[in-house]
Amino acid sequence: MYIKFFKRFFDFTVSLIALLVLSPVFLILIVIGAIAMKGNPFFTQQRPGKKDKNGNEKIFKLIKFRTMDNRKDKEGNLLPDDVRLNKYGRILRSTSLDELPELINILIGDMSIVGPRPLLVQYIPRYSSEQRKRHNVRPGLTGYAQAYGRNSLTWQEKFEKDVYYVNNVSLLLDIKILFKTVSTVLCRDGISSETSATMEEFKGNEIEINA
């Protein structure tokens, strides 16, 4: 009952209210972001969402505030993430303000407030059948893996938590994740992985296990 009816109603209502209440912050970040990034303050990217009746992921356009600039080397290649992640971007990431525009994705039904984070489209064929269950629900603004580890987790640990969430979705679990997310963000836990400013690419299960 919760996942089929109330969860979507809750997502729509909360995202609409949040967008209205946070609109001044939204506008301020647009202006500051345009200056700090020397251009478009938004980052958009195709991400996989919930599976349809045929078992295929819906591909939607994720909206975030940009945290990395477009600096390039002499050959015209983008510099590494940790170089392009400027001071403004680090502030956005540490406070999770870069995720604010995803409220639009939630409002229109591409995402949920709580669910597995939407990753890259090219990861889909790299998942095991068990890991791909993460797409049985809408992706979330925050999730079980984000609340309990964030980018400090390995890919295997993230997927285990994602699948656990899918198999145990409930109002109580969503509330628990939301409260834990607030604590994680305030404490700035798990912003980066041990070896990267963001998170390393998921290259597949065999590579992950043998790494």
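Which residues are linked in a network of salt bridges? Select K64, D98, E99, E102 and R117, and you have that network on screen. Keep in mind as you click around that this is a predicted model. A search of the whole structure turns up 11 salt bridges, so there is a bit more to visit, given that a salt bridge here means a Lys or Arg side-chain nitrogen within 4 Å of an Asp or Glu carboxyl oxygen.

Next, pick D174 and K7. Their side chains meet in a salt bridge, 2.7 Å from N to O. D174 sits in helix α8 and K7 in helix α1 (residues 2-21), so this pair ties together parts 167 residues apart in sequence. Both D174 and K7 are buried.

Now hop over to D110 and K58, another salt bridge, at 2.8 Å from N to O. D110 is in the loop between α5 (102-107) and β3 (112-114), while K58 belongs to strand β2 (residues 57-65), so the pair links parts 52 residues apart in sequence. D110 counts as buried because its relative accessibility is 11%; K58, at 44%, counts as partly exposed.

Then try R126 and E201, whose closest N and O atoms are 2.9 Å apart in a salt bridge. You'll find R126 in the loop between β3 and β4 (140-142), and E201 in the loop between α8 and α9 (205-210). R126 is partly exposed at 26%, and E201 is partly exposed at 41%.

Last stop: T181, in helix α8 (residues 171-187). With 16% relative accessibility, T181 counts as buried. Show the side chain of T142 too, and look for the 2.8 Å polar contact joining it to that of T181.

Conventions. Residues numbered from 1 in each chain as written. Predicted model: local features only at pLDDT ≥ 70, side-chain atom pairs only at ≥ 80, totals over all residues. Heavy atoms only, no water. Helix = DSSP H or I, 4+ residues; strand = E, 2+ residues; numbered from the N terminus. Buried < 20%, exposed > 50% of the residue type's maximum accessible area, 1.4 Å probe, protein only. Polar contact = N/O pair within 3.5 Å; in protein donor to acceptor, adjacent residues only side chain to side chain.
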